[in-house]
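Hello,

Here is the structure I promised to pass on to you. Please open it alongside this email, and my notes on what turned up follow below.

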Amino acid sequence: MKVKVISILEDNYMYLVIEEQSKQAIAVDPAVPHRLLEIVKREGLSLTAILTTHHHWDHARGNEALLKEVPGLKVYGGDDRIGGLTDKVTNSQELKFNSINVRCLFTPCHTSGHMCYFVWEDECTDAPAVFTGDTLFIGGCGRFLEGTAEQMYHNLTQVLGSLPQDTKVFCGHEYTIKNLKFAMLVEPENEKVKEMLSWARARDDDDKPTVPSTLIEEFEYNPFLRLSEEGVQKFTGKTDPVEVLRALRKEKDKFKKVFVALTLHLINFRRCPPLHVCCF
Ligand SMILES: [Zn+2]
């Protein structure tokens with residue numbers, strides 16, 4: 001089983017899961033359909049299905065165009081708002097595409113119909129893969145747009161956290177550097193965060209993706225999977241894991257706002273009077 005990582009839009013990923021023997025392929029969140037079809041054609045693949053993690057346009061907007069271009073294509077997802085949905089899936093449902101198996105994992109919170117997909121191949125020694133959309137990122141997790149900290153806690157610890165530890169994590173966005181900068185703030189003493197951040201910066205310099213990571217690695221540096229760690233509890237001032245997660249997400253949202261405000265300030269700097277109060 002081969003997973004092709006395709007960078008699209010500003011910082012999104014779409015993926016092709018390829019069964020190498022039959023050259024059949026499944027796409028995950030193919031939001032730039034013509035680019036996907038070019039690759040499918042160039043590599044002599046046949047596209048049989050789309051797995052959609054959630055209905056946001058930067059994940060699902062390619063479905064309808066692909067349905068028009070590829071006869072018989074199936075579009076799977078867990079939310080009626082997903083464009084072009086042909087087959088709605090439920091938690092733990094398993095799909096089979098020749099030797100490739102997919103287990104649908106319902107992970108509501110970022111959106112109320114979010115699905116992750118756990119994928120493995122029969123009689124293959126390759127590690128399995130999980131496509132986590134906007135639920136779990138490398139070094140971070142998705143915003144709680146339509147759900148609660150309780151739901152995200154369940155998603156991260158029970159649903160994703162209990163998968164085999166060597167599972168490769170393919171997420172929906174390249175947010176790794178931003179996430180690890182926040183992780184540094186949470187756990188400044190964590191050597192793994194430092195190592196991972198300098199590795200991610202080197203990848204960025206070479207214009208290379210940081211996906212995939214593995215679950216076992218995520219547990220070492222991703223603060224959203226380290227809710228029982230002393231440093232993370234100290235940072236949030238909480239001890240109950242759900243409360244730690246809730247507080248951590250709130251801090252991350254603030255961190256993001258500061259990051260955006262600083263960026264806007266730099267853009268507008270020339271137009272601002274020096275040290276004008278609006279900028280700080
Ligand atoms: Zn999203």
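Helices (H or I, at least four residues) and strands (E, at least two) are DSSP runs, and their numbers count from the N terminus. With those labels, P212 sits in the loop between α6 and β14 (213-214). Please keep in mind that this is a predicted model.

That proline is worth a look in the backbone: the peptide bond from V211 to P212 is cis, with omega near -5°. Another backbone detail belongs to N98, a residue other than glycine whose phi is positive, near 55°. You will find N98 in the loop between β7 (94-97) and β8.

Now to the metal site. Which residues coordinate the zinc ion? They are H54 through NE2, H56 through ND1, H110 through NE2 and D134 through OD, at 2.2 to 2.3 Å. The arrangement is irregular because the four donor atoms subtend angles of 91 to 174° around the zinc ion. Along the sequence, the donor residues follow the spacing H-x1-H-x53-H-x23-D. H110 and D134 link distant parts of the chain, 24 residues apart. H110 lies in the loop between β8 (100-106) and β9 (115-121), while D134 lies in the loop between β10 (129-133) and β11 (136-137).

Last, a helix pair. Helix α5 (residues 176-186) packs with helix α6 (residues 191-205) at an angle of about 155°, and their axes are 9 Å apart. Angles over 145 degrees count as roughly antiparallel, so α5 is roughly antiparallel to α6. Their crossing is left-handed. From α5, T176, I177, L180, K181, A183 and M184 meet V193, K194, M196, L197, A200, R201 and D204 of α6. By class, this contact of α5 with α6 has eight nonpolar, one polar and four charged residues.

Best wishes

Technical notes. Residues numbered from 1 in each chain as written. Predicted model: local features only at pLDDT ≥ 70, side-chain atom pairs only at ≥ 80, totals over all residues. Heavy atoms only, no water. Axes fitted to C-alpha atoms, helices over the stretch in contact; angles between N-to-C directions. Parallel < 35°, antiparallel > 145°, perpendicular 65-115°, else oblique. Left-handed = near helix turned anticlockwise from the far one by under 90°. Contact = heavy atoms within 4.5 Å. Nonpolar A, V, L, I, M, F, W, Y, C, P; charged D, E, K, R; others polar. Donors = N, O, S within 2.8 Å, 3.2 Å for Na, K, Ca; no water. Tetrahedral: all angles 85-135°; square planar, octahedral: opposite > 155°, others 65-115°.
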